[in-house]
Structure formats: C-alpha cells, structure tokens
Amino acid sequence: MTDISGFLKIKRKEAGNRPLNERIGDHSEVEQVLNSEDRMLQAARCMDCGTPYCHWGCPVDNLIPEWNDLLYKGDWKGAYLRLAATNNFPEFTGRICPAPCEHACVLNIIQEPVTIRENEVAIVEKAFTEGYIKPEPPKTRTGKSVAVIGSGPAGMAAADLLNKAGHLVTLFEKDEKAGGLLRFGIPDFKLSKATVDRRLDLMIKEGVIIRTGINIGKDITGKEILEQFDAICIAIGATHPRDLVAGGRELNGIHFAMDFLSLQNRVNSGHIPVSASNINAEGKKVLVIGGGDTGSDCVGTSTRQKAVSITQIEIMPKPPLRRSDNNPWPYFGKILKTSTSHEEGCERYWNLATVKFLGTDNHVTGVEVEDVVWNPINDKYTMLVVRDTRRIIDADLVLLAMGFVHPALEGLLSELELELDQRKNIKVDQTQLTNRQKVFAAGDSVSGATLVVNAIASGRKVAKEIDKFLRKA
Ligand SMILES: Cc1cc2nc3c(=O)[nH]c(=O)nc-3n(C[C@H](O)[C@H](O)[C@H](O)COP(=O)(O)OP(=O)(O)OC[C@H]3O[C@@H](n4cnc5c(N)ncnc54)[C@H](O)[C@@H]3O)c2cc1C
Ligand code: SF4
C-alpha cells in the first residue's frame with residue numbers, strides 16, 4: 001500500500017516543459033523529466049482509494065494503484081512488470097496520452113490528481129535504461145502465420161502480442177517506415193521517433209517481420225495475403241480527412257493538416273531534404289481550421305517553421321474552464337485545453353464558421369468567417385449564424401485540421417468487399433472479425449479516429465481473438 005496520507009503531505013509536481021524560447025528553436029520533445037526521488041514521492045500521492053476509478057478510466061486497464069505502490073517503494077522493476085502486463089507501449093502513452101485516468105482519479109475530486117501519465121513514462125524509461133526490457137522471442141512457435149496490415153499503434157500492439165503467443169507475424173506498412181501516425185502524424189516535439197524506433201527494433205529482435213513500402217491491395221493484393229496467411233488483421237487507420245466545402249477551396253496554399261505535419265516529420269528524420277518540403281509556414285500568416293489536437297500540432301509546427309502569425313479557429317463553442325454539471329467526475333473533463341503549442345503563441349477563436357476562401361493569382365490570401373451560436377432546440381444543438389458578423393482573417397497558408405472521417409475505402413477494403421458500418425468504418429463483430437472468414441480488424445479503421453491508447457487496447461483485443469481463432473483452427 002502506498003503512503004495513505006501521502007496526498008495530504010505532498011503536492012502534485014509535474015516535470016514541466018523546456019523553456020519556451022529554447023524549445024521553439026528545435027523539434028525535440030518539449031516535456032522534461034523529473035528526478036527519480038521526486039517521481040517516487042509523486043507515486044506516494046496515490047492514496048489506495050479502494051475503488052480505483054483511474055483503472056476504470058484507462059482504456060488498457062492499467063493497474064495504476066499497484067504500480068504506483070511499487071514505484072513509491074522504489075521497486076522500479078516490479079512497477080514495470082505490472083505496467084507491461086496491460087500496456088505494450090507505455091513509452092508512447094506515457095508521453096502523449098490525454099490521461100483519462102487522471103480525470104477519473106479519486107484525488108481529483110478534492111485536489112489535483114496523481115501524475116499517473118508521467119509516472120508511467122518514468123517507469124518504462126527506467127526499465128529501458130536499467131535493462132529490464134530485453135528482447136524476449138517466444139520459446140516455441142505454433143506454425144501459424146498472421147499478416148498485420150498497418151503498423152500504427154493498433155497494428156504494432158496486435159503484432160507484438162501475436163508474436164509473443166508464438167505465431168509468425170508479418171507487419172505490412174505502405175509508408176517507408178513503420179509506426180503509423182506515431183511516426184508521420186504526431187510531431188517529434190510530442191513523441192521522438194527514436195522512441196518509436198527503439199520499440200520497433202525490439203519487436204524485430206523478438207521475431208516480428210516488418211515489411212515497409214508495401215501497400216496491401218495495390219502492391220500485393222488482399223487475395224494473395226489471404227492465400228499466404230492463416231489469419232489477417234487489418235489496422236490501416238482512419239486516414240480520410242474531413243474536407244471543407246466552401247468557395248475558393250481549390251486555391252493554392254490550402255492543405256490538409258496531415259500533408260503539412262508528415263512533411264515536417266519526414267524532414268526531421270532525414271527521409272526528405274528541407275528543400276523538398278513544399279508546404280512550409282516560414283514567413284506566412286497561418287490559419288488553422290479545427291480546434292482539436294491535430295490543429296494544435298499544426299500550431300506548434302508552424303511556430304517552429306517561423307510563421308509570422310498563427311490563428312486557430314473552431315466552429316464549436318469555447319469549452320468551459322471547469323467541468324459543467326452534465327460532465328461530472330469521473331468522466332473525461334470536457335474543459336478548455338491549452339497545449340504547449342498554444343502557449344508558444346497563437347490566436348484562438350471559437351464559434352467561427354468558414355464562409356469562403358479568398359485569393360489572388362490563384363493563391364489563398366484570406367478566409368471569410370462569421371460568428372455562429374449553438375442553440376439547444378428539441379434536445380439537439382443547432383448552429384445559427386449571427387447576422388452581419390462576416391469578416392476576413394488574412395492567411396497565406398491554411399491548414400485543414402477538422403478530423404478524419406473513415407479509413408481509405410479504395411484498394412484493400414473494396415477488393416476484399418469488407419462490410420462497413422454507418423460511418424464507413426470497418427464493421428466487425430464482438431470478436432473483431434469482419435464479414436470475411438479469418439479477416440479481423442482493429443484500431444482507428446474500426447472505431448474511427450481516436451487515441452493511441454484506444455488503438456493499443458483494440459490491437460490487444462484483436463490479438464487475443466486471433467490467437468483463440470488460430471488455436472481452434
Ligand atoms: C496529427 C495527429 C496527432 C495526434 N496526437 C495524438 C496524441 O497526442 N495522443 C493520442 O493519444 N492520439 C493522438 N492522435 C491519434 C492517434 O495517432 C491515432 O488514434 C492512432 O495512431 C491510431 O492508430 P492505428 O494503428 O489505428 O492507425 P494509424 O496510426 O493511422 O496507422 C495505420 C497505418 O496503416 C498504414 N496503412 C494504411 N493502409 C495500408 C495498406 N493498404 N497497406 C499497408 N499499410 C497501410 C498507414 O500507412 C499507417 O501507417 C493524433 C493523430 C493525429 C493525426
Ligand atoms: S495509458 Fe493513458 S489512461 Fe492509461 S494509465 Fe497511461 S496515461 Fe492513464
């Protein structure tokens with residue numbers, strides 16, 4: 001048991017971020033690391049509350065009070081083993097999870113929650129440096145083979161567990177390197193790619209075969225894969241971006257967020273030279289349309305590229321600073337989020353709809369916007385335009401960050417004639433099986449765009465179902 005009165009004596013202490021002026025000059029991780037002694041004290045704030053809602057809030061069911069207790073006592077290895085029991089990649093979630101566990105932490109009712117996410121990353125990083133994490137290939141092989149298509153966190157988690165279960169796993173990826181959005185979506189300043197490579201290297205040493213630069217459904221047909229493998233797991237993500245239908249959309253200088261972000265990630269890792277990066281914010285007035293995390297990542301990347309000004313607009317209302325009555329603890333608090341990228345400098349506006357894009361010489365010069373309000377009508381929020389509020393925001397680079405609608409439907413999904421749900425995601429049953437024999441699916445391609453921790457949870461679930469299926473076959 002942790003120090004049950006620890007929370008009364010010790011205040012929440014976060015590792016904090018690198019100084020703003022320093023961090024905007026590079027693309028390295030923003031968050032710092034707390035020393036081991038302070039980290040162990042932070043674990044002492046976990047009060048062994050009896051009904052750990054943090055565990056309920058964590059999509060991979062992390063055994064949070066157990067590893068906090070071990071961490072508090074200085075048993076880093078024990079803490080790591082409890083953490084690894086439920087989470088394949090704590091080094092990813094410990095860096096970039098929005099930590100629903102902390103929103104659900106019982107301490108959060110009366111005080112600041114335990115630093116669960118930071119404790120998680122501290123435990124796994126100690127495990128890497130102390131050598132507790134070593135390649136552990138399975139002792140025996142089952143003779144069954146699995147193709148995992150898509151190497152984001154869902155595909156990686158599925159491949160990792162299926163390999164550990166003794167099946168021979170080939171992880172296919174259409175991009176030049178594995179990792180999915182961990183590599184080409186999420187900026188380095190949130191998650192270093194060395195962290196992704198370190199895990200992939202470990203998986204390779206444990207026996208996972210990774211084949212990159214192969215688009216399944218194009219370079220190799222789905223039917224060939226069906227013939228060659230005993231089971232298939234599709235984890236191709238939800239990559240189809242939501243577009244903005246408005247006059248002037250065809251003007252140059254208007255891009256999807258992912259096209260912009262993936263270029264910077266490729267430049268950082270040396271996959272392409274800076275000169276080949278044809279979408280760049282340097283010296284530009286940037287307008288980011290979409291107020292979510294992807295939009296925030298565009299803000300941080302534009303800052304590092306030395307934009308002249310950055311504005312982020314959102315059509316929905318500004319979230320409250322505190323939980324509203326209909327959003328109580330222990331649910332995820334729908335409150336205003338100010339990211340490190342926002343802190344670095346950006347104007348933010350809410351309740352703003354885009355009317356049209358304006359331009360000269362075929363290039364965008366601004367965006368006409370107008371105020372909207374959201375009125376509850378018959379239990380539904382309806383958007384109403386506020387008259388005579390049209391105005392122009394100057395912009396010569398517009399980034400569309402309004403989310404993703406569904407997986408790419410052309411290629412693999414249409415070739416295999418996979419059934420889709422109403423939102424055009426892959427339809428699966430309770431065992432994650434699609435309408436096709438031995439074809440399972442996981443991650444964002446099933447749920448729609450969500451979070452890394454949900455993708456890992458989905459990858460873990462599909463691996464267990466595929467393992468059951470193969471052992472019966
Ligand atoms: C900019 C951005 C920032 C984000 N930030 C965060 C964050 O801070 N925290 C968080 O929790 N979540 C974040 N997310 C969400 C998170 O990244 C996703 O929910 C998660 O990566 C989904 O995992 P996945 O494995 O299902 O799919 P993906 O990560 O999308 O991986 C799918 C992979 O499949 C490959 N693929 C597709 N089709 C084929 C094919 N036919 N053949 C072979 N390979 C194929 C793709 O190239 C891709 O590599 C962010 C998302 C974006 C876009
Ligand atoms: S994975 Fe996310 S929700 Fe789970 S313990 Fe870690 S930070 Fe919390």
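Residues are numbered from 1 along each chain as its sequence is written, and chains are lettered from A and ligands numbered from 1 in the order in which they are written. In this predicted model local features need pLDDT of at least 70, side-chain atom pairs count only at pLDDT 80 or more, and totals for chains, interfaces and linings use all residues, while side-chain values use heavy atoms, with hydrogens and water left out.

Student: Between which domains does the second largest pocket lie?
Tutor: On a 1 Å grid over the protein atoms alone, a pocket is an open set of points with protein on both sides within 12 Å along at least five of seven lines, whereas a cavity is a set where a 1.4 Å probe fits but cannot get out; lining residues have an atom within 4 Å of a point. Y80, A84, E136, K164 and R199 lie nearest the centre of the second largest pocket, among 19 lining residues. Because two domains both give residues to this lining, the pocket lies between domain 1 (6-129) and domain 2 (145-239 + 405-472).

Student: Which element supplies the largest share of the lining of the second largest pocket?
Tutor: Helices (H or I, at least four residues) and strands (E, at least two) are DSSP runs, numbered from the N terminus. At least two lining residues come from each of α6 (76-84), α10 and α12 (193-205). The largest share, four residues, belongs to α6.

Student: What is the volume of the second largest pocket?
Tutor: The lining comprises nine nonpolar, two polar and eight charged residues. Here Ala, Val, Leu, Ile, Met, Phe, Trp, Tyr, Cys and Pro count as nonpolar, Asp, Glu, Lys and Arg as charged, and the others, Gly among them, as polar. Grid points are joined across faces, edges and corners, and a volume is the space filled by probe spheres set on the points. For this pocket the volume is about 300 Å³.

Student: Which element gives the most to the lining of the largest cavity?
Tutor: There are five cavities of 30 Å³ or more, and the largest cavity has a volume of about 100 Å³. Its lining has 16 residues, with C46, C49, C54, C105 and V114 closest to the centre. The lining divides into 13 nonpolar, one polar and two charged residues. With three residues, the element that gives the most is α5.

Student: Which element gives the most to the lining of the second largest cavity?
Tutor: The second largest cavity has a volume of about 80 Å³. Of its 16 lining residues, C58, N62, C97, C101 and E120 lie nearest the centre. Two or more lining residues come from each of α5, α8 (100-104) and α9 (116-129). The element that gives the most, with three residues, is α9.

Student: Is S277 buried or exposed?
Tutor: S277 lies in the loop between α14 (257-268) and β7 (285-289). Leaving aside neighbours within four places in sequence, S277 is in contact with L263 and V267. Buried means under 20% relative accessible area, exposed over 50%, and partly exposed in between (1.4 Å probe, protein chains only). Because its relative accessibility is 10%, S277 counts as buried.

Student: What C-alpha distance separates A165 and K464?
Tutor: A165 is found in the loop between α10 (153-164) and β2 (168-172), and is partly exposed at 23% relative accessible area. Beyond neighbours within four places in sequence, A165 is in contact with T142, D467 and R471. A165 and K464 are 299 residues apart along the chain, yet their C-alpha atoms are separated by 9.2 Å.

Student: Which residues does K190 touch, not counting those up to four places away in sequence?
Tutor: K190 is found in the loop between α11 (181-184) and α12, where its relative accessible area of 27% makes it partly exposed. K190 and H27 are 163 residues apart in sequence and 8.8 Å apart in space, C-alpha to C-alpha. With that sequence exclusion, the residues K190 touches are E29, R95, I96 and D297.

Note on methods: Contact means heavy atoms within 4.5 Å. Domain bounds come from an automatic or database domain assignment.
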